[in-house]
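Open the model in your viewer and keep the sequence panel beside it. The tour goes from the whole chain to single residues.

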Amino acid sequence: MNHPTHRTRTVLAAALTALLLAGTGCSSKADGDSAADGADGVKAGPGVTDKTIKLGALTDLTGPYATLGKSIVQAQQMWADETNAKGGICGRKVEIVVKDHGYDVQKAVTAYADIAPDVVALPQVIGSPVVAALLDDIERDEVLTFPQAWAASLLGKDSVQVLGTTYDVDMIAAVDFLTRTKGLAKGDTIGHVYFEGDYGANALEGSEWAAKKAGLKVVGQKIKATDTDLSAQVSALRKAGVKAILISAGPAQTASLVGVAASRGLQVPVVSSAPGYAPQLMKTPAAAALEAMLHVVSAAPAVSADVPGVKKMVASYQKKYPGALVDSGVLSGYNAAQLMGADLKKACEGGSLARADVVAAHRSQKNADAGLGTAQDFSDVAQPASRSTYVLKPDAKAVGAMVNVEEAHEAPGVEEYLASKGS
């Protein structure tokens, strides 16, 4: 006998149950809370199965940092391939899901929403404005994230780890370098050309603090990422009588600044934040001026450095990607992947690859060292992981077209500066 009313109620109940289950799956945070044990007894969650660990990369492959993004992606894929060849992590193969945002914040927000439910962590997110826009979502979802950005505004979040120094700390080192080695003295004026947004603002904060301590004056010139002809800025700085120039922008802006300054007789020392240099600049008309005038402050050594871990990485990268330039992005990306791998292994040893436990494993590391630069302390979310800055300079003949000038060191005043900020 048929019972249409009963059958209808059954169908409706099943549909309601499915709807409720779908609703609980809309948030990656909800997924994280419902982590279950894998076949090996290791607690899992989003991005983790019995066979795979999925990581995400929100990168720039088509915007102003496209060359950097390509290098980071390739370096991290090399790490994943090497890791998988050794059996993976926690008995699982590592996969990296790559999304290109082209340095467009809205595209990045959309890409994050697309990728977040399916990954356990993000060993690469390019761009301070991008990370800033995603901070609340990343914290809510407890996705361990390593920005390829170094603004101090990104500190203070459990799930977000700025690797190495921050832009302000590096700029303090830059001012110290200029006063020690380039003859700048009390009363002199220095220029600082900087991108609008967190990157430039944080770098300027460091330079102005250090300049005040040294009795120097800073003349700021704020620019946009789309500004590639800095003739007007050079004219303004020349009129101001600057004895040196700092720049916190991209490679195109650095090349324009140095090239125009040299051509107009403003041959003063220039120091760039790390994202402002790429080896491709040594193939441009500004190459000679860059070699003569530019230095770079960075949390990482040059890829030409005589460091065993760096030399091994460079050899592996050149073998895997013949003809590809080995730039700072290769080192930065590989270092981030190595550190992420250590966090995942530590979390596995603790019996859980759930997102919150991966974050906890990361924060327990007080002396993390991938052999690619300085050791880092991840235990205090409010502090930079490192306070030590390298000083580098262009060299067209070197691997990565860059060489170390000064090894990593904490510049005078950094401790006082961080204390003044409550860090």
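What follows is a list of stops, each with something to select and something to see.

**Before you start**

This is a predicted model, so local features need pLDDT of at least 70 and side-chain atom pairs count only at pLDDT 80 or more, while totals for chains, interfaces and linings use all residues. Residues are numbered from 1 along each chain as its sequence is written, and side-chain values use heavy atoms, with hydrogens and water left out.

**Stop 1: the whole chain**

Show the chain as a cartoon. Its secondary structure comes to 14 helices and 11 strands. Here helices (H or I, at least four residues) and strands (E, at least two) are DSSP runs, numbered from the N terminus. The radius of gyration is 24 Å, close to the 22 Å that the globule rule gives for 423 residues, so the chain is as compact as a globular protein of that length. That radius is taken over C-alpha atoms, and the globule rule is 2.2 Å times the number of residues to the power 0.38. Switch to the C-alpha trace: along its principal axes it spans about 100 × 45 × 40 Å.

Color by accessibility next. Buried residues make up 52% of the 423 residues. Buried means under 20% relative accessible area, exposed over 50%, and partly exposed in between (1.4 Å probe, protein chains only). Of the contacts with a separation of 6 or more, 69% come from residues 24 or more positions apart.

**Stop 2: strand β7**

Select residues 244-248, which form β7. How many of the residues of this strand are buried? The count is 5 of the 5, so β7 is largely enclosed by the rest of the structure. Show the side chains. Ala 244, Leu 246 and Ser 248 point one way, and Ile 245 and Ile 247 point the other way.

Strands count as paired if DSSP finds at least two bridges between them. Find His 192, which stands opposite Leu 246.

Ile 247 has Ser 272 as its bridge partner in β8. Include helix α9, residues 251-263: β7, α9 and β8 make a right-handed β-α-β unit. To check the hand, point the strands away from you; the path from the first strand over the helix to the second runs clockwise in a right-handed crossover.

**Stop 3: helix α7**

Select α7, residues 198-214. Its end C-alpha atoms are 24 Å apart, which agrees with the 24 Å that its 17 residues should span at 1.5 Å a residue. The expected span is 1.5 Å times one less than the number of residues. Color the buried positions, among them Tyr 199, Asn 202, Leu 204 and Trp 209. Just after the helix, Gly 215 takes a positive phi of about 75°.

**Stop 4: salt bridges**

Search for a side-chain nitrogen of Lys or Arg within 4 Å of a carboxyl oxygen of Asp or Glu, the rule for a salt bridge. The count comes to 12 salt bridges.

- Asp 81 and Lys 320 meet at 2.8 Å, N to O. Asp 81 lies in helix α3 and Lys 320 in helix α11 (residues 308-320), so the pair ties together parts that are 239 residues apart in sequence. Asp 81 is partly exposed at 31% relative accessibility, and Lys 320 is partly exposed at 36%.
- Lys 421 and Glu 205 meet at 3.0 Å, N to O. Lys 421 is in the segment after α14 (414-420) and Glu 205 in α7, 216 residues apart. Lys 421 is partly exposed at 36%, as is Glu 205 at 35%.
- Lys 311 and Asp 306 have their closest N and O atoms 3.3 Å apart. Salt bridges that share partners also join Asp 40, Asp 50 and Arg 92 into one network. Lys 311 is partly exposed at 49%, whereas Asp 306 is exposed at 65%.

**Stop 5: two positive phi values**

Most residues other than glycine have a negative phi. Select Cys 90, where phi is near 60°. Cys 90 is in the loop between α3 (66-85) and β2 (93-100). Is this residue buried or exposed? Cys 90 counts as buried, at 17% relative accessibility.

Finish at Tyr 103, with a positive phi of about 65°. Tyr 103 sits in the loop between β2 and α4 (105-115).

Definitions and conventions: Contact = heavy atoms within 4.5 Å.
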